[in-house]
Amino acid sequence: MPVAELRLERVRCFEWGEVDFDGAPAILSGTNGSGKSTILEAIYLLARGRSFRTPHPGQLIRRGCQAFGVEATVPAETSTRAIRLVYDQKLNLSIDRQMATFREVGEILPLTLMDAEIAQIVTGGPEQRRKLLDWLMFHVEPDGWGQWKQYRRALRQWQWAVRTGMDGAIWLERMLDGAPVIESARKRLIESCLPFWNEAFGSLFPGARVDLEYRPGSPPGMNLVEALVGWRPERAERPLAPGPHRAEIGIMIEGVSARQVLSRGQAKLLAIGLMWGGALFLAESLKNRPLLLIDDFSSELDSAAQNRLLHLLAREPLQVVVTTVHAPRKEETPRQFRRFHVEQGFIRASPSW
Ligand SMILES: Nc1ncnc2c1ncn2[C@@H]1O[C@H](COP(=O)(O)OP(=O)(O)OP(=O)(O)O)[C@@H](O)[C@H]1O
Ligand SMILES: [Mg+2]
């Protein structure tokens, strides 16, 4: 569901602040330290129960105060729901004044955050791209997700058994049971997301050929049973056992690995395109409207790239909130965007048109 209004009380630099998103995409601009990321942090905390900057929610309390509060109104089908979080020694969460859990809020407000490190989905190691798969699998492939959690636990136990010379057969069996379920869930996900990803790449990289392929964690033709049974940690040439924990998504531009050819700005665009496509797929699968928070969206991007990105992000059915130090010019901002200026703890709506 989209967020209509957001209120902050005594959160970091804000004594009191209100943003009327009205469910629309929004751009928050302002100088360094004005409070832009704090607004995203407050939304993130409300939906996830933790901050992306600190494990200690108490740090968000405005200096000299005792507690803080965040509230969002979310229009649902029949009524508007009020989600409220108060931190006073501990987090107290409610929906329409009834105590609630973050799982319940997470269902109403599925969201994801992209920060300055977002390009790592493209430039970083395979684990970065597995995180993308995990995010999608968590929401739409509960069986695959459950198996993946069990698989990772069994893998740790099995590796420990191999290292210490114990019998790890029971763990190996669990891994072998789970592996095909995980692999097929991931393949389904990638296949379902491909049309959305292609749409994103078509808008962000017009004319370029971008291909994505799922690479299972064991080489083609390799029998996972034999490979795992024959695995020994001391073999330098095989430091990690094969399996779904080594799988990844290969991203190719004109047939060459994206991480080898893309500039930093291009990698950032591609990474945001991947998240955008995934969110669009979730919107369709969950019949909900995911919220994308993009902190410092304009860094590394020239104005043409920013412009292409904003036009992509303005599309239904997602709600995006982006922050930037320099606001794009009004005439270059898609009409759907609401614009807000943040100034040392004050939020002011700027005319959009
Ligand atoms: N507990 C607190 N109480 C009061 N002020 C705080 C507290 N914690 C952080 N601040 C201040 O609040 C401001 C919030 O910074 P925030 O990270 O939201 O800024 P920003 O607009 O995202 O800046 P940038 O463009 O540099 O990323 C900073 O000036 C910071 O020093
Ligand atoms: Mg910031």
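Begin by selecting the open sheet whose six strands run in the order S2-S1-S4-S5-S6-S7 with antiparallel pairing; two strands pair if DSSP finds at least two bridges between them. Strand S2 (14-20) and strand S7 (98-99) stand at its edges with a single partner strand each, so one side of each has no neighbour in the sheet. Helices (H or I, at least four residues) and strands (E, at least two) are DSSP runs numbered from the N terminus.

This is a predicted model, in which local features need pLDDT of at least 70 and side-chain atom pairs count only at pLDDT 80 or more, whereas totals for chains, interfaces and linings use all residues. Residues are numbered from 1 along each chain as its sequence is written, while chains are lettered from A and ligands numbered from 1 in the order in which they are written.

Within this sheet, select strand S5 (residues 80-88) and strand S6 (residues 90-95), which pair in the antiparallel sense over six bridges. Val86 stands opposite Asn92 in S6.

Strand S12 (residues 291-294) and strand S13 (residues 319-324) pair in the parallel sense over four bridges, and Leu292 stands opposite Val320 in S13.

Select ligand 1 next. It is surrounded by 15 residues, the closest being Cys13, Asn32, Gly33, Ser37 and Thr38; a residue is near a molecule or strand if its C-beta atom, placed from the backbone, lies within 6 Å of it. The shell has three nonpolar, eight polar and four charged residues. Here Ala, Val, Leu, Ile, Met, Phe, Trp, Tyr, Cys and Pro count as nonpolar, Asp, Glu, Lys and Arg as charged, and the others, Gly among them, as polar.

Turn to the helix pairs. The axes of helix H4 (residues 126-140) and helix H6 (residues 169-204) come within 10 Å and cross at roughly 95 degrees. H4 and H6 are therefore roughly perpendicular, the class for angles of 65 to 115 degrees, with under 35 roughly parallel, over 145 roughly antiparallel and the rest oblique. Leu133, Leu136 and Met137 of H4 meet Ala185, Arg186, Leu189 and Cys193 of H6; two residues are in contact if their C-beta atoms, placed from the backbone, lie within 7 Å. By class, this contact has six nonpolar, no polar and one charged residues.

For the second pair, select helix H9 (residues 264-286) and helix H10 (residues 303-313), whose axes come within 11 Å and cross at roughly 0 degrees. H9 is thus roughly parallel to H10. Gly265, Leu269, Ile272 and Trp276 of H9 make the contact with Ala305, Leu309, Leu312 and Leu313 of H10.

Finally, colour domain 1 (5-110 + 288-350) and domain 2 (120-260), bounds that come from an automatic or database domain assignment. Their C-alpha centres lie 33 Å apart, and the contact takes four residues from each domain.

Methods. Axes fitted to C-alpha atoms, helices over the stretch in contact; angles between N-to-C directions.
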